[in-house]
Amino acid sequence: MSEPVPTTAAPSTTRGGGGPLQPVILGADIGVYAMARSFHEAYGVRSVVVAGAALGPVAHSRIVDHEIVADGHDPRQLVDRLLEVARRMSDRRLLLMANSDWLVRVVVQHRAELEPYYVVPFLSEDLLDQISDKATFAEICDRLDISVPRTIVQDFTSADEAGWAPAPVDLDYPLIAKAASSADYQDVEFEGKKKVFEIATPDELVWLWGALRGAGFRGRFVVQELVPGDDTQMRSITAYVDSRGEITLLCCAHVLLEEHTPSGLGNPAAMITYRDDAMLEQARRFLTSTGYRGFANFDVKVDPRTGLFRFFEVNPRIGRNNYYVTAAGANPMRFVVEDHVEGRAVEPVVVEREVLYSIVPHRLLLRYVRDPQLAARVRRLVRSRATAHPLAYGKDLSPRRRAYVWAAKINQVRKFRRYYPEVTDTGF
């Protein structure tokens, strides 16, 4: 393994001493609950969740304590509440986690305030700026001979100027358009907003540029060639790089179905864990060459025309669907705790166990898996009970929680009926 780049690595913040472990997590979505569940499974601890509301995934939970702020989108309120929690829990070893791009950025930008009280196991701000931008990510991958879709950048930072005009796009239609940095796009609102746009014609692209400019978006958008293939061509990789620069955890999964709501498009809804060394080696190359630290989550698609792995992006966090790693036998919270809290080196793990992770009913899932061999794998895992739903935690299933998990599954049926009633050859 080549040496990491020392200038981009965040400083070690290992905290020893007495007192029980106390996870503190920003956010309130299903990924936050999954982390709280993993902490509880590994250490028997309740997590403190700091957010603007106790949303369904974390509501009425026995493994979560809530810290509600008036405005969950205000970084200052979040940081102030974190400092308040730290003062109240000064006798505990506080580990701070976040699981959305903009919340990771809040933590990293306020590291100097938070690190005297918390373990902050995230990458440096400089590297965050580089890798969280999809345009810069593509440039890094090109240098490392990692395949990405052809990418053109549209810069809106000077869109207020009278002479501003969009850059020409010479890609074949349909194409894909999305914000280069999701943090820049987080609070932009306009009718028809989506996480990812499939653009069928030049007129649709003109409309999107106008909508973004009119809504005050002043970041960068990328347009990319559309890699064909339905959701089953997608792959997910989760990794952890410790404070020494060692990649101690690698886990990948074959995506079966993604969410298709406008705000959730591209989030895996079902996947099977497995091991693919050729794909993992490319992720390893990226992490090592950039001097990465902490959790990372890669989105990859197999190009059916060539068989190549096309890397779409890396998320600077563990990912919304992180429980698939725990379900496959490698609880990721153990890696960060032993590294940053206990200061111990962890023997590297590459996950091999096959498990079906799904937040949708299995019958619904099988409607969207057209490949007979994949469908057979799903049925085999269901029969053998090698399945996992992050919200269905036996130690946290009060009657209200049971009702919520049941309702969440039914709601998935409604959402797919509305937004993705039939499988398409592109996943859109």
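Me: How long is the polar contact that joins the side chains of Gln-224 and Lys-178 in this predicted model?

Reply: Gln-224 is found in strand β9, residues 220–225 (helices, H or I with at least four residues, and strands, E with at least two, are DSSP runs numbered from the N terminus). A polar contact is a pair of N or O atoms within 3.5 Å, where within protein one atom must be able to donate a hydrogen and the other to accept it, and residues adjacent in sequence count only if both atoms are side-chain atoms. The polar contact between the side chains of Gln-224 and Lys-178 is one of 3.4 Å.

Me: From what pLDDT do side-chain atom pairs count?

Reply: Residues are numbered from 1 along each chain as its sequence is written, and side-chain values use heavy atoms, with hydrogens and water left out. The model is predicted, and while totals for chains, interfaces and linings use all residues, local features need pLDDT of at least 70, and side-chain atom pairs count only at pLDDT 80 or more.

Me: What is the relative accessible area of Gln-224?

Reply: Leaving aside neighbours within four places in sequence, Gln-224 is in contact with Pro-149, Arg-150, Thr-151, Leu-171, Leu-175, Ile-176 and Lys-178, contact meaning heavy atoms within 4.5 Å. Buried means under 20% relative accessible area, exposed over 50% and partly exposed in between, with a 1.4 Å probe and protein chains only. Gln-224 counts as buried, because its relative accessible area is 3%.

Me: On which side of α14, the same or opposite ones, do its buried residues lie, and over what arc?

Reply: The buried residues of α14 (399–419) are Arg-401, Val-405, Ala-408, Gln-412 and Phe-416. An α-helix has 3.6 residues a turn, so residues three or four places apart point the same way.

Me: Which elements are included in what covers the buried residues of α14?

Reply: The face of α14 turned away from its buried side carries exposed residues, among them Trp-406 and Arg-414. The cover over the buried residues of α14 includes α1 (30–43), β11 (247–258), β12 (268–274) and α12 (362–368).

Me: Which residue of β14 stands opposite Asp-299?

Reply: Strands β13 (294–302) and β14 run antiparallel and are joined by six bridges, where pairing requires that DSSP finds at least two bridges between two strands. They form a hairpin with six residues between them, and Gly-307 in the turn has a positive phi of about 80 degrees. Strand β14 (309–315) has seven of its seven residues buried. Opposite Asp-299 stands Glu-313.

Me: What is the relative accessible area of Met-35?

Reply: Met-35 is found in helix α1. Beyond four places in sequence, its contacts include Ile-25, Met-97, Ile-318 and Met-333. Met-35 counts as buried because its relative accessible area is 0%.

Me: What is the relative accessibility of Arg-385?

Reply: Arg-385 lies in the loop between α13 (372–383) and β17 (387–388), and its phi is near 60 degrees, a positive value in a residue other than glycine. Arg-385 counts as exposed because its relative accessibility is 73%.

Me: Over which residues does pLDDT stay under 50?

Reply: pLDDT is the predictor's confidence in each residue, from 0 to 100. The mean for the chain is 93, and 96% of its residues reach 70 or more. The stretch where pLDDT stays under 50, for which the model has 52 contacts beyond four places in sequence, is residues 1–17.
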